Amino acid sequence: MKSIDVKEAEEARTDNFETRKEPRKSFQTFLRNQNRLYINSFNIIDRKASIMIRMNSIIISGVFLFYNNVKDVELGSLIGLILIICCFLSLLFALNASRPNSFGALFFIKQNTKKRQLKTEETLFVSGINTHLTEEDFEKAFDKVVKDQKLQIGNQARAIYMFEKRIRQSFFHIEVSYLTFMFGFVSVVILFVIGNL
């Protein structure tokens with residue numbers, strides 16, 4: 001008796017997603033939380049990148065300005081060179097993490113669209129991909145998405161996948177930027193100590 005009740009409950013749960021009705025509130029909450037997570041992740045990336053961009057720019061400018069004074073220190077030329085190289089690499093990775101990357105995203109989506117033969121209504125949530133459409137065609141595709149729950153979820157799933165890839169890539173570049181900066185800083189301190197022993 002209990003196994004029949006469990007089976008009916010499971011079927012009722014799956015039927016909820018197969019119907020044209022709105023999905024359960026828990027799923028809406030999941031999507032809302034995912035979108036909030038991505039916005040927060042991009043904000044973190046921008047903040048961390050701006051810290052590294054400011055710090056590295058100041059250090060590179062300082063080394064260039066006071067290079068003659070740095071040279072007078074024991075192992076000063078090597079210290080200045082390491083600072084410039086490490087800060088420059090760190091700056092590049094920080095800039096790369098915070099750049100918009102719209103070309104890469106569009107190329108990825110267009111390549112995926114051709115490979116999987118996605119229709120217009122299946123790529124509606126991706127910014128900038130449907131600019132070739134007329135307003136009438138866009139409205140028709142939008143109307144299909146409004147009426148079909150599978151299209152709504154499919155569009156959001158593709159957008160989530162794109163965000164995941166971009167966030168992972170950006171966090172990797174930020175981490176490399178910080179590691180390069182730390183390596184340069186530690187190397188400079190060690191060289192300074194060795195030079196003054």
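## Phe-163 and the model

Phe-163 is partly exposed, with a relative accessible area of 34%; residues are called buried under 20%, exposed over 50% and partly exposed in between, for a 1.4 Å probe and protein chains only. The structure is a predicted model, in which local features need pLDDT of at least 70 and side-chain atom pairs count only at pLDDT 80 or more, while totals for chains, interfaces and linings use all residues. Residues are numbered from 1 along each chain as its sequence is written, and side-chain values use heavy atoms, with hydrogens and water left out.

## Overall architecture

From the N terminus on, the order of elements is α-α-α-α-α-α-α.

The protein has 197 residues, of which 30% count as buried. Of the contacts (heavy atoms within 4.5 Å) in the protein with a separation of 6 or more, 72% are made by residues 24 or more positions apart.

## Aromatic pairs

Rings of Phe, Tyr and Trp (its six-membered ring) pair if their centres lie within 6.5 Å, and planes under 30 degrees apart count as stacked, over 60 as edge-to-face and the rest as tilted. By this rule there are three aromatic pairs. In the pair formed by Tyr-38 and Phe-163, the ring centres are 5.5 Å apart and the planes stand at 45°, so the pair is tilted. Tyr-38 belongs to helix α2 (residues 25-65) and Phe-163 to helix α7 (residues 149-195), so this pair ties together parts that are 125 residues apart in sequence. Tyr-38 counts as buried, at 3% relative accessibility.

Phe-42 also pairs with Phe-163: the ring centres are 5.9 Å apart and the planes lie at 75°, so the pair is edge-to-face. This pair likewise links distant parts of the chain, with Phe-42 in helix α2 and Phe-163 in helix α7, 121 residues apart. Phe-42 is partly exposed, its relative accessible area being 24%. Ring pairs join Tyr-38, Phe-42 and Phe-163 into a cluster.

Helix α4 covers residues 76-98; its 23 residues reach 33 Å from first C-alpha to last, close to the 33 Å expected at 1.5 Å a residue. The expected span is 1.5 Å times one less than the number of residues. The buried residues of α4 include Gly-76, Gly-80, Cys-86, Ser-90 and Ala-97.

Helix α7 has 47 residues and reaches 69 Å from its first C-alpha to its last, close to the 69 Å expected at 1.5 Å a residue. Ser-177 is found in α7 and counts as buried, at 0% relative accessibility. Apart from neighbours within four places in sequence, Ser-177 is in contact with Met-52, Ser-90, Phe-93 and Ala-94. Ile-194, also placed in α7, is partly exposed at 48% relative accessibility. The C-alpha atoms of Ile-194 and Leu-75 are 8.6 Å apart in space, although the two residues are 119 residues apart in sequence.

## Nonpolar cores

A nonpolar core is a set of buried Ala, Val, Leu, Ile, Met, Phe, Trp, Tyr and Cys residues joined through side-chain atoms within 4.5 Å. The largest such core has twelve residues: Met-52, Ile-60, Val-63, Ile-79, Leu-83, Ile-84, Cys-87, Leu-91, Ala-94, Phe-181, Val-188 and Leu-191. Helices α2, α4 and α7 are the elements that give two or more residues to this core, and α4 gives the most, with six residues. Val-188 is in contact with Ile-79, Ile-82 and Leu-83, leaving aside its neighbours within four places in sequence. A second, separate core has nine residues, among them Phe-27, Tyr-38, Ala-97 and Ile-160.

Ile-53 lies in helix α2 and is partly exposed, with a relative accessible area of 23%. Beyond its neighbours within four places in sequence, Ile-53 is in contact with Leu-91, Ala-94, Leu-95 and Ser-98. Ile-53 and Ala-94 are 41 residues apart in sequence and 6.3 Å apart in space, C-alpha to C-alpha.

How values were computed: Helix = DSSP H or I, 4+ residues; strand = E, 2+ residues; numbered from the N terminus.
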